[in-house]
Amino acid sequence: MNFLKVPKKNKIKFVLLGSGKPLCDLCDLLIKNKFVKPIIVTHPKRFHKRDEKLLSHSKTYSSVFEYSKKNNIELIQAEKVNDAKLIMLLCKKKCSAAFSISCRSIIKKPFLDAFNGLVFNIHPAYLPEERGGAIISWRILNNKKYVAATLHQIDEGIDSGPIIIQKKKKLNIRNPFLEDYILQTNDLYIKLFSIFIQKLGSKLELKSQNQKRASYYSRLYTEINGAIDWNWSNVEIESFINAFGSPYPGAFTFLNNKKISILEGKSEKSNEQFHTFLYGRIIQKFQDDSVRVVTKKGFLRIKKIAINGTITSPSEILQLGNILYTPSEVLHESKTKITNVRNMKAKFENKK
């Protein structure tokens, strides 16, 4: 067991690296507990456009730009967190500790050295399990109904640094959606932030991660990785839809060369055995505007869809006998492509 000595709060000035509601929550807690007002470093505003469009109406989102303006917090936009000029600037501004929350950069040795190891991160998993990105979506795919958070010191690896605090709890919702996981994870973050703040000014106990239990998951980008394979079972398709659902654009498939996002779908059992030729075919429509699609091991009841981001009645677009399909090349890219989030945000902007 190792220990990290942390100065008293009146001698600590944090730089918060990243974006999102949890970063704003931590900033609030630091100010409330009379720490020196922190500085925020975030990626350039053009890379925030997708999140602003998709998440602005969600309880899971806060604009770091609006927050900093409202609370008179200095904000720096930086494409590269590890840039030597940025590190020098932060030191010049007397920042003595850093906290990463949804930061897009892997923090490297020069940055860590400049802050004498006082660089921390919070991750939505019970490390060393579930390192990497898009953890909550992967957890839904794996049918794991819990939320977790680990606050740890950053080292040169990916989510591999020594653990300071971590918690895990069951998600007590019968059919949770992605947004449910995110909201309860954010609540857990606040609890860990509060414990962490109370520990500052003393020695922090650092617990090494057990590398034998480590697992890693890659980032996901809904518009590429969210393609539905109609050869999956009804339960697998339902969990896939939930994993890419609100506040994100939704898992997708095609009808007559038109891309259809399925925002809500429920698996249903069947006593019949269907030939694979029927998978994806619409065989029933209901008065509530939902439609029933044949799948492996039963049906999928489609309750909400969107086309080009506009929510549309399923029964209006999906007619009896229609076949939903996803081209093989789209499925291949969905399963094999590990997306550079920064590049995809730039691509999104170029389409605007």
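View 1. A salt bridge is counted where a side-chain nitrogen of Lys or Arg lies within 4 Å of a carboxyl oxygen of Asp or Glu. The model is predicted, so that local features need pLDDT of at least 70 and side-chain atom pairs count only at pLDDT 80 or more, while totals for chains, interfaces and linings use all residues. Residues are numbered from 1 along each chain as its sequence is written, and side-chain values use heavy atoms, with hydrogens and water left out. The structure holds twelve salt bridges, one of which joins Glu79 to Arg46, with 3.1 Å between the closest N and O atoms. This pair links distant parts of the chain, 33 residues apart, since Glu79 is in the loop between strand E4 (75-77) and helix H4 (84-92) and Arg46 in the loop between strand E3 (39-42) and helix H2 (49-55); helices (H or I, at least four residues) and strands (E, at least two) are DSSP runs, numbered from the N terminus. Glu79 is partly exposed at a relative accessible area of 37%, and Arg46 is partly exposed at 42%, where buried means under 20% relative accessible area, exposed over 50% and partly exposed in between (1.4 Å probe, protein chains only).

**View 2. A salt-bridge network around Arg301.** Glu268, Asp288, Arg292 and Arg301 are linked in a network of salt bridges. Within it, Glu268 of strand E13 (residues 258-268) and Arg301 of strand E16 (residues 298-307) stand 33 residues apart in the chain, and their closest N and O atoms are 3.0 Å apart. Arg301 also forms a salt bridge with Asp288, at 3.7 Å from N to O, and Asp288 lies in the loop between strand E14 (282-285) and strand E15 (291-295). Both Glu268 and Arg301 are buried, the relative accessibility of Arg301 being 14%.

**View 3. Tilted ring pairs in an aromatic cluster.** Phe14, Phe35, Phe99, Phe120, Tyr189, Phe193 and Phe196 form one aromatic cluster. Rings of Phe, Tyr and Trp (its six-membered ring) pair if their centres lie within 6.5 Å, and planes under 30 degrees apart count as stacked, over 60 as edge-to-face and the rest as tilted. The ring centres of Phe99 and Phe120 are 6.3 Å apart and their planes stand at 40 degrees, so this pair is tilted; Phe99 belongs to strand E5 (residues 97-101) and Phe120 to strand E6 (residues 119-123). Tyr189 and Phe193 are likewise tilted, with centres 6.1 Å apart and planes at 50 degrees, and both lie in helix H7 (residues 178-199), four residues apart.
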